[in-house]
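Open the model in your viewer and keep the sequence panel beside it. The stops below are meant to be taken in order.

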Amino acid sequence: VSVAASRHVTQSAGLRRAFGRRMDQFGHLLLAALITVVLAFLLLPLLMVTVMSFDAREYLGQFPPPALSMRWYERFFAEPYYLQGLKTSIALACLTMVISTSIGVSAAVGISMLPTRAQRILTTLFLSPLVIPGVVVGFALLIFYSRAHVDNTFLRLLGAHVLITFPYSIRTVLATLSGLRPSYVEAALSLGATERRAFWTVTVPLLKTSIGAGAVFAFVFSFDDVAASMFLSDPTAYTLPVALLSMMYANFDLVIAAASLLQIVMTVLLMLVLDAIVGMDRVVGTSVYKA
Amino acid sequence: MAVVGVRELRPLVPAFLLVLGLLALPLCMVADESLRPYVSGHIGSLAGAPLTFANYTELLSPAYANFFLDTFRLSLIASLVGIAVGLPIAYIIAHETSSRTRRAWIIFLVSLLFLNVLVRTYAIGLAAGPPGFGRALASFLGMRLNGRDYAELTVVAGLLHCVLPMAILTMLAPVQTLNPRLVDAAEALGAPRWWAHLSITMPLSTRALMAGFVVGFTFCVSAFVIPMVLGKGRVMFVSNLIYTRFGEAGNYPSGAALAIVLLTASTVFVYGIGHLSSKLWER
């Protein structure tokens, strides 16, 4: 009896193992399918824009284009409306980057010197612009500017962009500062450096990469903003995304595809810069999403 | 460091002024504006007008409630799909042994994150419209290309295109802390791998899923460009309504009331989930 029972047990265990293996294989297949679908979903529309931006047809026709040309790029660069927006966007993003990074780095250093409780409260306060919907920021600033009589449109946009980008520097710098060993600064102090000197010669060089990362974030998210800028732009000063959006609303012209590809190329280049100064693993591991 | 001197507070001054002057004060002005009566033909409220709740009670009518419902429903769908699809991918990336593949994934996802929302919206619009797979997709799903259902679908697709990279990157860090040895142990004890994942990896990922959900949902609820372009006027989010209030009607008080409600709802939600998840975690 016991022999039969034990044979029965081994048999069912074998069956179970076979079932498990089958399920594992099925799981692997499912996973591979999932990855394929996700990659296709993320990439195909972008590839389509890339190809369509070289479409030789005069109108927006069915994909794929029968012949290729540079027509839409020539149109983009011949259109003063877009070029004006591009100029404003670049100037705005550069200025925003400098101001945001200075304010953010200074604030992060200040926060790191406070007691833990105050640190937490101030971090929440300073990161709050990231949680508030862009439309609300734009609308609130619109009301504020008109009540405070801030009439220069570029200045209006600059205020909004600094507000929504300075938290990135706080995040990146704070993440590095909290991982910094106090013994480095203590060593400098014990060797006779003043606090100020220790800060500039020990702390700042160690923060270089996170300051750089914060600056790149500020540039990118200033250049990309639409929601807040939409409320604050007017014909005297508007950003490229605002110009593109108002055109997109009117018709799905392929000039926008050309402008899109230019921005895709710019994004890739910026990514390479960021990867070179920081190393992608670190950006993700320590800064972007660990508030 | 019990006592903080005035000197130590100095580096905080610019950020303080920025947040107070360009965020707190303007938001107070929005709150003030939302309590003023709207005078048609006049842009903005009149100075010294009496206070009223009319702009808020107006929002209770079904026509307005629908905008809020649409916003929350579509955001919920996009962020739930985002974390459901994103978790296995985050797990694969986190436990990828080849550092080159891992790096490639991360660079790819961060590039997508950096790519202008406008560009992605246009790309989805093109691919899901008549020039792309629009006709085939709509007829396959039995929807009309110009119908509301198809507009909702493209809005969700647009949101998902942004939410997926965000959710995956957010879930990466918490998923990284999962100890793969637990799954190995379960396997050594005779559990098949799929069951080990289902009974061990899934429950331990609750924190990751919550983090991914908060990031995705916050993004979706405040989305502006995606519903504006892909909704084609058939689907409108609250943020689009705010813009219309300001742009077409010049009705600042009503736009202000909408902004306050949207802000309150999304803040309560974000901090509520954060609180809940930290409570769950510390238990």
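Predicted model: local features only at pLDDT ≥ 70, side-chain atom pairs only at ≥ 80, totals over all residues.

Residues are numbered from 1 along each chain as its sequence is written, chains are lettered from A and ligands numbered from 1 in the order in which they are written, and side-chain values use heavy atoms, with hydrogens and water left out.

**Chain B**

Select chain B and colour by secondary structure. You will find 14 helices and zero strands (helices are DSSP runs of H or I with at least four residues, strands are runs of E with at least two, and both are numbered from the N terminus). The C-alpha trace of chain B spans about 75 × 70 × 30 Å along its principal axes.

**The interface**

Now show chain A with chain B. Here 86 residues of chain A are in contact with 84 residues of chain B (contact means heavy atoms within 4.5 Å). About 8,000 Å² is buried between the two chains, and carbon and sulfur atoms give 81% of that area (buried area is the accessible area, with a 1.4 Å probe, that two parts lose on being put together, summed over both).

Three salt bridges are counted between chain A and chain B (a side-chain nitrogen of Lys or Arg within 4 Å of a carboxyl oxygen of Asp or Glu). For one salt bridge, select Glu33(B) and Arg147(A), whose side chains meet at 2.7 Å, N to O.

**Helix pairs**

Stay in chain B and select helix α4 (residues 62–94) with helix α8 (residues 148–176). Their axes come within 6 Å and cross at roughly 40 degrees (axes are lines fitted to C-alpha atoms, for helices over the stretch in contact, and angles run from 0 to 180 degrees between N-to-C directions). That angle makes α4(B) oblique to α8(B) (under 35 degrees counts as roughly parallel, over 145 as roughly antiparallel, 65 to 115 as roughly perpendicular, and the rest as oblique).

In chain A, select helix α3 (residues 80–112) and α6(A), which pack at an angle of about 40 degrees with their axes 6 Å apart. α3(A) and α6(A) are therefore oblique to each other. α3(A) passes α6(A) in a right-handed crossing, and their contact has 19 nonpolar, nine polar and no charged residues.

Next, take helix α10 (residues 240–250) and helix α11 (residues 255–277) of chain A, whose axes come within 11 Å and cross at roughly 150 degrees. That makes α10(A) roughly antiparallel to α11(A). α10(A) passes α11(A) in a left-handed crossing. Show side chains for Leu240(A), Leu244(A), Met247(A) and Met248(A) of α10(A), and for Ile256(A), Ala259(A) and Gln263(A) of α11(A), which make the contact.

**Two loops**

Which backbone details remain to be seen in chain A? Centre on the peptide bond from Phe63(A) to Pro64(A), which is cis, with omega near -5 degrees. Finally, go to His149(A), in the loop between α5 (134–148) and α6 (153–179) of chain A; His149(A) has a positive phi of about 55 degrees although it is not a glycine.

Methods:
Left-handed = near helix turned anticlockwise from the far one by under 90°. Nonpolar A, V, L, I, M, F, W, Y, C, P; charged D, E, K, R; others polar.
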